[in-house]
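This report covers the pockets and the nonpolar cores of one model.

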Amino acid sequence: MTAAAFRRILPLFCLLAVPAALSAGVSQSEVGFAPDPVAATDSVKTASVQDYARLDSLLQGFYKVLEFAPLEDKCSEVDFLISTCTDSLTRQRVALSIFDHYRDSNLMGDESVAIYLYDNWFEPGKVKFQGQMDKMDAEMFVRFNRQSLIGCDAPRLTLRKPCGGKETVPKEGEVSVLFFYDTSCAKCRLTAELLPAALSDIDFRLQFYAINCGADRREWKRFRRSFRLDNKNVKLHHLWDPELDSDYPLKYSVIGTPRIYCIEPQGTIIGRRLEMDSLMEVLKIAGAIKSVYDRYGGIEAGE
C-alpha cells in the first residue's frame, strides 16, 4: 500500500471511526478510546487492547511505506496524521507510537523525526506524555541527541593527547571519523580489531580519532600500543578527556560505547552511531565529497 493510501486510511480511522462509534452509543470497551481523558471516568479510561492493536497495525504499515522517504516528508506526514486526531487519547496514542518508533529506529537519521515530534507536539503541550518518567526519558533522549543528528554541524571537542597537549577535533577540510571507545568494553575491542583491515583500502586523506572514554591511563597505554592503522592515507589520533571537560557525552550522545561518527570536510555529520558495515558505506560517500572539496575548494564552489 502506498503512503498516499495510508494518508487516507489512518486519518479516517482516527478522525471518523472512533467519534462515530461513540456517538452511536458504542461502549468504551468496543471502541478502545475515551472521548476526553480529562472528563473520562475510570471505566472509560481503560482502552481496549484489541482496538489499539488495529491502530498500531495501521501505523506499522505507515512507517513501512515512509521508511526511505526524505526527512522533510516524514515530518510532514507525521504532522498531518497527528493533526487529524481530534480525540485526545487517540492523538496521544498515535503521537507516542510515532515518537517511540523513530526514537528506537535502526535506520540512521530517523532520530531527527522523534526530536521534531518532541519539539512541535510534546514540548508545546499539544500532546501529553503518559507519565512523568516517560516525559523525563524523552527529554533525556532529546538532550543527548540534538547536537549530533545527521546534517548537523559537528560539535567541536578539545581533547587531551597522550603527551598532555590538547587537540581540537574534527579537523576542518578533512574527512573525520570519531571512534568513542572504552578499554573495558568487549564490543569496542572487537571493533578495534576489525578497523585496520576495514580502513586499509581508503584512498583519500582521513583523520581517525580514537577517543578513549575511560579513565585508566595504564589500560589506555596498552590499547595505544596494540591499535595501529597501517594505511598511510589514514592518520590516527589517540585522544581522551577523563575529566569530561569537552562535554563529549552530551555533544555526541556517548551514553554507551562504541560510538562511531563520520564527518565530511565542511564539518557536517554524515554518519552517526555507525556499525562497521555502515561505516564503510558512509566512507564511500565521504570520499566522493572529499574529492569535490579538494578539486573546487569546497562543495559550494563546485556546484
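Arg93, Leu96, Phe99, Asp100, Arg103, Phe129, Gln130, Asp134, Asp137 and Ala138 line the second largest pocket. The model is predicted: local features need pLDDT of at least 70 and side-chain atom pairs pLDDT 80 or more, while totals for chains, interfaces and linings use all residues. Residues are numbered from 1 along each chain as its sequence is written, and side-chain values use heavy atoms, without hydrogens and water.

A pocket is an open set of points on a 1 Å grid over the protein atoms alone, where a 1.4 Å probe fits, with protein on both sides within 12 Å along at least five of seven lines; lining residues have an atom within 4 Å of a point. Volume is the space filled by probe spheres set on the points.

| Pocket | Volume | Top contributor to lining |
|---|---|---|
| Largest | About 450 Å³ | α9, four residues |

Helices (H or I, at least four residues) and strands (E, at least two) are DSSP runs, numbered from the N terminus. Among the 21 residues lining the largest pocket, Asn106, Arg272, Arg273, Leu274 and Glu275 are the closest to its centre.

A nonpolar core joins buried (under 20% relative accessible area, 1.4 Å probe, protein chains only) Ala, Val, Leu, Ile, Met, Phe, Trp, Tyr and Cys residues through side-chain atoms within 4.5 Å. The largest has 30 residues, of which Phe179, Leu206, Phe208 and Leu283 touch the most other members. Its largest share, six residues, comes from α12. A separate core of 28 residues includes Tyr63, Leu96, Val113 and Ala138.

Technical notes
Buried < 20%, exposed > 50% of the residue type's maximum accessible area, 1.4 Å probe, protein only.
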